[in-house]
Amino acid sequence: MTLAHQPSMWDLAEEAVLTPLGGRMVRHELSHGAWVDHLPGWVTGSDDVLEVLLGDIGWREDRRQMYERQVTVPRLLRWYGPAEPLPHALLSEAREALNRYYRPEPRERFATAGMCLYRDGRDSVAWHGDRIGRSRWQDTMVAIVSFGSPRPLLLRPEGGGVPSLRFPLGHGDLVVMGGSCQRTWEHCIPKTAKPVGPRVSVQFRPIGVA
C-alpha cells in the first residue's frame, strides 16, 4: 500500500532530525492532575519519515464490535512491540530522546509504538482515553509524534462536554499526555470534509498501557 503525499513546503530539511526538547516544550496543566506537553516541529525533515511510513510496513484494517454489528475502524493500524525494530531509525531515536527527557521509572519508559494512518478526512478516531491496562487506574504517559497533513487533536474532560483544548498537529509535531490524562480526560481526531492528505500518528507508550 502506498499513498501519495505532497512534500511539506514548510519542512525543507533533507534529512530527518530531532530538535532539542529542553526549554521548548510548553506544558498545559489540566484538571485532576492531568497535563499535556506540546512542541510543534520537533522533527525536521519529516518527509523522509513519512515516505517510509506510507509504504508497506504491515498496515492492517481492523474491525470492531459496535452494538450488534461489526464495523470497520476508520483508519489503518500498525503496532510494534518493545523488541520489534521500528521502520525508520529516527523513530527509535525519538523514543530514546523522550525517555531521556522525562526520565521515567523503568516500567514507565516508552517501549511500544502504535501507529495510525489517517488516509484522508474521512478517517478519524472517536472520543476515548487510552485505558486498556493499568492506565485505567494509574498515572502514565502517552507521546504522539505526527507526520503528514495537519489534523486537530481535541481534548475534553472525561464524561463529555465542549472540547477544552485543540492542538493542530502538523508535520513533525509532538504532544505528550501525562498524569491522569488518560483516566480523567478524553481525546479525538474528528472527521473533516476539507481536502486533507494522509497523516500518520506514532504513539509511544509504556508496557501495559494501550
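Predicted model: local features only at pLDDT ≥ 70, side-chain atom pairs only at ≥ 80, totals over all residues.
**Overall build**

The protein has 3 helices and 14 strands. Its radius of gyration is 16 Å, close to the 17 Å that the globule rule gives for 210 residues, so the protein is as compact as a globular protein of that length. The C-alpha trace spans about 45 × 40 × 35 Å along its principal axes. Of the 210 residues, 54% are buried. Among contacts with a separation of 6 or more, 79% are between residues 24 or more positions apart. The protein exposes about 10,500 Å², and 55% of that area is supplied by carbon and sulfur atoms.

**Nonpolar cores**

The largest nonpolar core has 35 residues, and those that touch the most other members are W42, L53, L91, L98, F147, L174 and F204. Helices and strands both contribute: β3 (34-39), α1, β6 (69-80), α2, β7, β9, β12 (174-179) and β14 each supply at least two residues of this core. Helix α2 gives the most, with 6 residues.

L174 belongs to that group of core residues with the most contacts to other members. Leaving aside neighbours within four places in sequence, L174 is in contact with L21, M25, D37, H38, L39, W42, L98, A143, I144 and V145. Another core lies apart from the largest one; it has 20 residues, including Y118, V125, V142 and I144.

**Helix α1**

Helix α1 covers residues 46-53, and its buried residues are S46, D47, V49, L50 and L53. Seen down the axis of α1, these buried residues fall within an arc of 160 degrees, so they line one face of the helix. The cover over them includes helix α2 (89-102) and the strands β4 (43-44), β7 (112-118), β9 (142-148) and β14 (199-205). One of the buried residues of α1, L53, is also among the residues that touch the most other members of the largest core.

**Cysteines**

How many disulfides does a search of the whole structure find? The search finds 0. C116 is in no disulfide, and the nearest cysteine sulfur, that of C188, is 13 Å away. For C188, the closest cysteine sulfur is in C181, at 13 Å, which is too far for a bond.

Most residues other than glycine have a negative phi. H32 is not a glycine, yet it has a positive phi of about 60 degrees. H32 lies in the loop between β2 (26-29) and β3. R103 also has a positive phi, near 45 degrees, in a residue other than glycine. Its place is in the loop between α2 and β7. H32 is exposed, and R103 counts as exposed as well.

| Residue | Relative accessible area | Class |
|---|---|---|
| H32 | 63% | exposed |
| R103 | 70% | exposed |

Terms used. Residues numbered from 1 in each chain as written. Heavy atoms only, no water. Buried < 20%, exposed > 50% of the residue type's maximum accessible area, 1.4 Å probe, protein only. Helix = DSSP H or I, 4+ residues; strand = E, 2+ residues; numbered from the N terminus. Arc of directions from axis to C-beta. Contact = heavy atoms within 4.5 Å. Core = buried A, V, L, I, M, F, W, Y, C linked by side-chain atoms within 4.5 Å. Disulfide = S-S within 2.5 Å. Rg over C-alpha atoms; globule rule 2.2 N^0.38 Å. Areas by Shrake-Rupley, 256 points an atom, 1.4 Å probe, with all protein chains shown as cover.
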